[in-house]
Amino acid sequence: MAQPISFIHFSGHQHFRSRLVLSILSGRHVRIDKIRSEDKNPGLRDYEISLLRLLEKATNGTIIEISVTGTAILLKPGVILGGTLQHECPLSRAIGYFLEPIIMLAPFAKKPINITLMGITTDDHDLSADILRTVTLPHLQLFGISEGLELRIKKRGASPGGGGEVQFLCPIVKQVNTLNFVDAGKIKRIRGVAHAVRVTPQFSNRMIEASRSILNRYIPDIYLYSDVYKGNESGKSPGYALTLLAESTTSAIYCAEAISEAGVAPEDIGLRATRALLTEVEKGGCVDQKHQILVLLMMVLGSEDVGRCRMAEPMPKTIQFLRDIRTFFATSFKIVPADISDPNCSQLLYSCYGTGYVNANRTLA
Amino acid sequence: AAQLAAGTHKRRKDWIKLIYNSSLSPEEIVNGQQSTDKSSEDEGDDFFQVKSTHAEDPDVLDQGKEPLDEESLKKWEDEEMLDSIRNLFITGAEAAAEGEG
């Protein structure tokens, strides 16, 4: 493989977060250029710079150089530090944008992380605080990261004003477990969180009722919770959303979410979220598409054994991520149809030999 | 639904080869190989003539959620469609699996 001095080179602004994460985990230096160089407004966006600042805070010895025009960066990663941190997220992106990479790094930090992020908790681009709490974190548990893992939604903040606040606590591990998750099971229960801030709390109930009108036919174990945040805890802008998740007998989790939109009734938001959930359920597999990258990453970092996971077809960004993984870790996945006998089954079986990644940052106890 | 099934059947791809041994962009792999030419639609009036090689589209966000596709959600308005996934729930009879798989 290349010497540690050499840079891995990428072009373009896409896949920015996953490349930074891979760089920090692997310790390989990265150079990304041509960041929106052809755009009318070239260079890094404010949220990307904010993310770089955040990564700088969460690590020690990281060197980030940004070119004058902002269209190229150089990242020489340091060690992942963790500890108690605070970060004010710009209102151009939701907290999920910043928390996703942190979640990927936190288990391998020197100290358990305790980070408070302020900003927008739910928007239509990034995983909301609710999905991160109820779906993303359980995915980490698959890899043996569980004790003390928590996301607290202290305040909610809708777009555009924000004003939300979440606290993320993550333990550190020496190594992650090898995943062997090939049986998706059958769905045994459905959970949901509806919230409405700075609007009448009745909207929550209306979304829940609409959602139930579809879901009640399937299983009796449905619990949709109306999460009430008032006053200072409800942020600066009005908004509401319904987050749904379906859990299978083998703990596969599918999730979907719909958020308020001007001129659309809460009932329709509820229906939208519900139908999106059914779409995820239909795609099947053990991990939903929103979490493909997280799971694949942890599989690569797993102990030196073959990890397996059944999932739906990769999304474009997953494909690029698989290519990037090979660049950083020289590991490729074996991807074969999960069920050869069934021509209608589009699910795939992803397997790879773990790199046996060991958390070298961890303070020896 | 028949059309849907035919679609998935036709698209049995060699993922390993496509991902690791081809120069196709991820979007091209997922959507099939037809290079979606956007050149025809934005001719003329754009002073800045944004060189849009698909993958370089500055509007593409690095985001955790995919936007909900209103059109594809419409299929769930159909009772038959709703029933077709019953077998994925613990309460669903195994017999229902014959129809859709």
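**Reading a buried helix and a chain contact**

Modeller: I102(A) counts as buried, because 24 C-beta neighbours lie inside 10 Å; the rule is that a residue is buried if 20 or more other C-beta atoms, placed from the backbone, lie within 10 Å of its own, exposed if 12 or fewer, and partly exposed in between. This is a predicted model, in which local features need pLDDT of at least 70 and side-chain atom pairs count only at pLDDT 80 or more, while totals for chains, interfaces and linings use all residues. Residues are numbered from 1 along each chain as its sequence is written, and chains are lettered from A and ligands numbered from 1 in the order in which they are written.

Biologist: Where is I102(A) placed, and which residues is I102(A) in contact with beyond its neighbours in sequence?

Modeller: Helices (H or I, at least four residues) and strands (E, at least two) are DSSP runs, numbered from the N terminus, and I102(A) sits in helix α3 of chain A. Two residues are in contact if their C-beta atoms, placed from the backbone, lie within 7 Å; leaving aside neighbours within four places in sequence, I102(A) is in contact with A58(A), I115(A) and F168(A).

Biologist: An α-helix has 3.6 residues a turn, so residues three or four places apart point the same way. How many residues of α3(A) are buried?

Modeller: In α3(A), 10 of the 11 residues are buried, so the helix is largely enclosed by the rest of the structure. Among them are I95(A), Y97(A), F98(A) and L99(A), and the charged-class E100(A) is also buried.

Biologist: What does the contact take from chain A and from chain B?

Modeller: The contact takes 49 residues from chain A and 36 residues from chain B. On the side of chain A that touches chain B, the elements giving two or more residues are α1 (16-26), α3 (95-105), β12 (187-197), α6 (266-283), α8 (316-329) and β17 (334-337) of chain A. By class, that side of chain A has 18 nonpolar, 12 polar and 19 charged residues, where Ala, Val, Leu, Ile, Met, Phe, Trp, Tyr, Cys and Pro count as nonpolar, Asp, Glu, Lys and Arg as charged, and the others, Gly among them, as polar.

Biologist: Taking one residue of chain B as a case, which residues does D62(B) touch, and is D62(B) buried or exposed?

Modeller: D62(B), placed in the loop between α3 (26-31) and α4 (70-73) of chain B, touches Q14(A), H15(A), F16(A) and R17(A), not counting residues up to four places away in sequence. D62(B) is buried, because 21 other C-beta atoms lie within 10 Å.

Biologist: Most residues other than glycine have a negative phi, and most peptide bonds are trans. What is the phi of H15(A)?

Modeller: Phi of H15(A) is near 60°, a positive value in a residue other than glycine. H15(A) lies in the loop between β1 (7-11) and α1 of chain A, and is buried, with 21 other C-beta atoms within 10 Å. R36(A) also has a positive phi, near 50°; R36(A) is in the loop between β2 (29-33) and α2 (46-58) of chain A. As for the peptide bonds, a cis bond with omega about 0° joins S159(A) and P160(A), and P160(A) is found in the loop between β9 (150-155) and β10 (164-170) of chain A.

Biologist: How should I read the predictor's confidence, and what is the average pLDDT of chain B?

Modeller: pLDDT is the predictor's confidence in each residue, from 0 to 100, and where pLDDT is low, the predicted coordinates should not be read in detail. Chain B averages a pLDDT of 71, with 53% of the residues scoring at least 70. Over residues 5-9 of chain B the pLDDT stays under 50, and the model has five contacts beyond four places in sequence for this stretch. For the complex, the predictor gives an ipTM of 0.84 and a pTM of 0.90.
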